[in-house]
Amino acid sequence: MQRRLPIRSLLLAVLVASAALASQRESLAVRTVVLSEHPDDSTNQVYVKGQVVTVLRLDQPVNAAKTRMLGWEGRFEPLGVVGNKVILEPLRDLSRDEGIPLLVTLTDGTEIPFLLRPPKDADWWTDQQVNVFQDRETYDAMFSVLMDVIKEKRALEEQVENFRKEENSADHALATLLATGAIAQTPFKFESSNAGKDDDAEITVTVYRGRSKAAAVFEVKNLDPDHSWSLKSARLVSVTSGRQSTVAVHSTRRSIDPGDTGVVAVVADKSAFIEDGKLTSVFLELYRHDGMRQALVQLDPDLVAR
């Protein structure tokens, strides 16, 4: 549920997490576990999140009658088994120190233990599908491992390219100054400020106008008692057409621990406001580590008209 804050038409801040999960496969945590690689590690950990379905995909059919969780009542939906798949859905996020044992039994009698855990921190993934193989030498296992390697390679290449662009970006330098509080060293002037919060975060948003640029600085206090908060991405979206534009972003902290505060600064060029030769309003969206939209700010064209 989104809650609109009472604020002037210049700025619209929706400081709640909406269900705007990324749809690309790269954003889905699909990974491979090969049991023969770690014969001494009897329990494999699976990272789960409240109200997010996790599927274990085994290389043999599963015996539903002998597959069970311990102490799951009140924490998980009833366990589901379909063919070679085990379906898990926590009712809520597990606490940092919680672990739910799961014993998967295959139809040939093989027992495979797992421990269901919350993500380790804000940058850790949530498993949405875990492909489990007993032997790396099978074709399916080798193919699944190869897909994991290719996905990781693409992610690293994208990260390196983003770092390269940021190093050469004047807007990124401005965002860094804004995030560290060096406003006087930038061409930006204060325009407005507002604040709001939900169960997970309290955010104060300050908007600035500049020379053919606009900026927004978010002060984020993490209200979640168990999990860290971190920024996944920021983007500009045209109010009229939905066209997306890139922005320069700088965060003072890689992740914000429970109870702590960090700052995220965003700088947008005037070109992002131009559509069909005319200036238009844009939405600035912040997405947190789990892909949920944490904040939305409307930036109007008079911020960059000068």
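This is a predicted model: local features need pLDDT of at least 70, side-chain atom pairs count only at pLDDT 80 or more; totals for chains, interfaces and linings use all residues.
**View 1. The whole chain and its surface.** Residues are numbered from 1 along each chain as its sequence is written, and side-chain values use heavy atoms, with hydrogens and water left out. Of the 306 residues, 44% are buried (under 20% relative accessible area; exposed is over 50%, partly exposed in between; 1.4 Å probe, protein chains only).

**View 2. An open sheet of four strands.** The chain holds two helices and 20 strands (DSSP runs numbered from the N terminus: H or I of at least four residues for helices, E of at least two for strands). Four of the strands line up as S2-S8-S7-S4, with mixed pairing (a pair needs at least two DSSP bridges). Strand S2 (44-47) and strand S4 (68-69) sit at the edges with a single partner strand each, so one side of each has no neighbour in the sheet.

**View 3. Strands S7 and S8 side by side.** S7 (residues 100-105) and S8 (residues 111-117) run antiparallel, joined by six bridges. Look for Thr105: its bridge partner in S8 is Glu111.

**View 4. A closer look at Ile87.** You'll find Ile87 in strand S6 (residues 85-88). Its relative accessibility is 33%, so Ile87 counts as partly exposed.
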